[in-house]
Amino acid sequence: MKIIKIFSQLLLVVIVSIIGYSIIQKDNPIEVVRGNLSYRPIPFTLEKTDDTICKMLIRSYYGSSQAITKKGDTYFFNDIGCMMIWLEEQPHKESIRLWVYTNDTNRWLNARLAHYTTRDKTVIGYGFGAYEKKNRDSISFEQMRSRMLKGENLLNPKVRKRLLENRY
Amino acid sequence: MIEIIELNRYYDNQKERFYALKDINLTINRGEFVLLHGVSGSGKTTLLTLIAGMDKPNSGIVKIEGEPIIKLPDQHLSKFRNQHIGIIFQHYNLLENLSVYDNIATPLIPMRLSLKEIDKRVKESLEIANISHKANSLASRLSGGEKQRTAIARALVTQASIILCDEPTANLDKANREMFLEILHKLHKLNKTIIVSTHDPIFNDLDYVTRWVSIVDGKIV
Amino acid sequence: MGFYCGWKNCIMNSILLNTNIAIFLLAEWIVWFILFIAFGVSIYILKKWDFQSYTPTQYKLEKYAYLVMVILVFAFSMKFILLPYFVFTMDKISDIVPGAMCSAGVISFNHYGMKLFFVKLLILLLLMVWLMINHYDLEAKKYPWFKLKGWLYLVIFMLISVELYWDYAFFNDIDIHKVLNCCSTLYGLLEGVNPLPFGLDKTRLLILFYLLYLMILSSTFSKQYFILSIGLLLFTIIGYYSVLYFFGTYIYQMPNHNCPFCMLQKDYYYIGYLLWGSFIGGIFLGVTTIIANLILGIDTQKLKILMTLLFTLFIVICSLYVAIYYIQNGVFLEPVKVEMVM
């Protein structure tokens, strides 16, 4: 009986050690960062951060975006279209700071001030690329958001052909 | 020892309350031979039933060897009754389809004894009750006296210290009644506590009766 | 779509007319009703109970107490049958609800589902504790835990009443025109995310699985109830995840199929009932054993042996599926990585 008691205690020590060691080593991708009251975009680690909507790892800053709520909760997206889907479900949209990574100047820019193309190759495939400089085919943030919510993007087969032929 | 304190058993109907037993106080020491005497309906059988724990009173206590048996949960009460109390009923209550031997062995089943021990006890009881010659006969084939002796053997087989008899001679002829009395006398010599409920005058002349208790209209007089 | 039930514009969901649901709800109502009677009598008994008394009131209470105990043992036995029947019912209606492939989709349909399921498990655990206390209370002759089990019953009855409402609300809220999630959406691996608790990987998870089993056995029979408590708590978590993310895949023979409910279906010979039944039964018996020993001060050999048998059955079923797969195929299952094509 004494041997069994010692054996139980030994097992407990081993089990707690394994769990403790695993907790220390734990390395899950980030989905949200809280307390970002500077409302500035966070330089998140690629392949360690998840898109809030599609739950995929963000592997490139190209096409990525961030949304920061009034409370400082920062959400990440690997496609601007995903951010628009997320934004639609939020209350107090105007108070949310939106940032996009521009494809021409490679920096974070206020999404409401950026310009958007409609035929870019993006991660999920919605087709909206963010640019700091306006060009002939680019549209504003509100136009991009409206098109995204109406389904007028590259993932819509009815719209895709006309978009690619520049007839939309 | 059996202690009965302020025992009451009554039945309520729409108009009134009928007392089968009222304010019974009685103490019976070990080894006593007690006769409960009274006419039919006086409460003798009710008192025996309450002592055996086969019914619950409305108030009061029944203690056997210090154990308040009325308060015991059913499983404990059954076990207590099996080990301490043997009952001989007026109408024998044998299992007609079983043999005499099996009828006597039945109370030993819950005691989980070995087959050897069961056989030993059954044979002893058959001997005391003078029914050994009928061990293999079916209970349905016995005469009244033989059935009564089988019932006695069954009451003894658990080595119970208390034997309760409810009108044991009511269905017997004279010869069998005398045989029954001889067996009771044997049991009394074995220091069993015996309580007999009867209005048979054959018990009037017994010199080994230690106490007479008369019950009239549910009260001890 | 519903039907008008004729009282103040109340509309009831027509899914309530499904045979399995109707039987289930009717059974729940009947059990609740007889427990309601026992509830009323129990309050009366608890207020006036005095075992040392020999008055007519106390004798009456003892008769009522016996009646209540018989009712409760019957009703509680029914509850043990109704939980698997609840799961079976959800599995059956997954056939008529779009998107749901098994109970997983149905149970997560609305906010009642999971909390209803957990309340049912909690009720079963408390019932088991009550039955254990009742057994030893009757064995003790003087009903030393009469009031404890009385109050416990009142708590159980409250939970059963809440459960009854949630049963109705859950099924009434199911809309067969709405697409549900299937288990791959609910339990499927999120990319890059380790779903296992404490940051464990599969190897460590399995090591813990078997070590915890050994620890539960050794602590039970060496009467180390504190270690047993920790063991049971951890085994509840580790056992669940082990089945979900390892052993379950061998039952389905699909490395990415992680669902606790699909194994309850006919396709898998209903093995889920035996597997989860032995797992949950073992946990509950373990908790009951701890309560018996620490609170009542009773050493419960029978409960310990039964718990051991159930856990052993659970371990054997899980291990056998892996062993049989390996013997048949010569390899272990490997998870398949899904890549997005742009």
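Let's start with chain C. Its secondary structure comes to ten helices and two strands. This is a predicted model, so please keep that in mind throughout. Along the sequence, chain C reads β-β-α-α-α-α-α-α-α-α-α-α. Chain C has 342 residues, and 36% of them count as buried. Now the contacts inside chain C. Take those between residues at least 6 apart in sequence. Of these, 67% join residues at least 24 apart.

Next, where chain C meets chain A. Chain A gives 26 residues to the contact, and chain C gives 25 residues. What is the class make-up on the side of chain A that touches chain C? There are 14 nonpolar residues, with six polar and six charged.

On to chain B, and its sheet. The sheet is open and has six strands. The order is β6-β7-β8-β3-β9-β10, and the pairing is mixed. As a reminder, strands of a sheet pair through backbone hydrogen bonds, either parallel or antiparallel.

Which strands of chain B stand at the edges? They are β6, residues 85–88, and β10, residues 219–220. Each has a single partner strand, so one side of each is left without a neighbour in the sheet.

Further in, look at β7 and β8 of chain B. Strand β7 covers residues 162–166, and β8 covers residues 193–198. The two run parallel and are joined by five bridges. To place one pairing on your screen, find B:C165; its bridge partner in β8(B) is B:V196.

A helix packs on this sheet: α1 of chain B, residues 44–51. Helix α1 touches β3 (33–37), β7, β8 and β9 (211–216) of chain B. Its direction makes about 150 degrees with that of β8(B).

Last topic: two backbone angles in chain B. B:Y92 has phi near 70 degrees, a positive value in a residue other than glycine. B:Y92 sits in the loop between β6 and α3 (100–105) of chain B. Is B:Y92 buried or exposed? It counts as buried, because it has 21 C-beta neighbours inside 10 Å and the cut-off is 20 or more.

The other residue is B:N130. Its phi is near 60 degrees, again positive and again in a residue other than glycine. B:N130 lies in the loop between α4 (115–128) and α5 (144–156) of chain B. B:N130 has 17 C-beta neighbours inside 10 Å, so it counts as partly exposed.

That's the tour. Happy to take questions.

Note on methods. Residues are numbered from 1 along each chain as its sequence is written. Chains are lettered from A and ligands numbered from 1 in the order in which they are written. This is a predicted model: local features need pLDDT of at least 70, side-chain atom pairs count only at pLDDT 80 or more; totals for chains, interfaces and linings use all residues. Two residues are in contact if their C-beta atoms, placed from the backbone, lie within 7 Å. Ala, Val, Leu, Ile, Met, Phe, Trp, Tyr, Cys and Pro count as nonpolar, Asp, Glu, Lys and Arg as charged, and the others, Gly among them, as polar. Helices (H or I, at least four residues) and strands (E, at least two) are DSSP runs, numbered from the N terminus. A residue is buried if 20 or more other C-beta atoms lie within 10 Å of its own, exposed if 12 or fewer, and partly exposed in between; C-beta atoms are placed from the backbone. Two strands pair if DSSP finds at least two bridges between them. Axes are lines fitted to C-alpha atoms, for helices over the stretch in contact, and angles run from 0 to 180 degrees between N-to-C directions.
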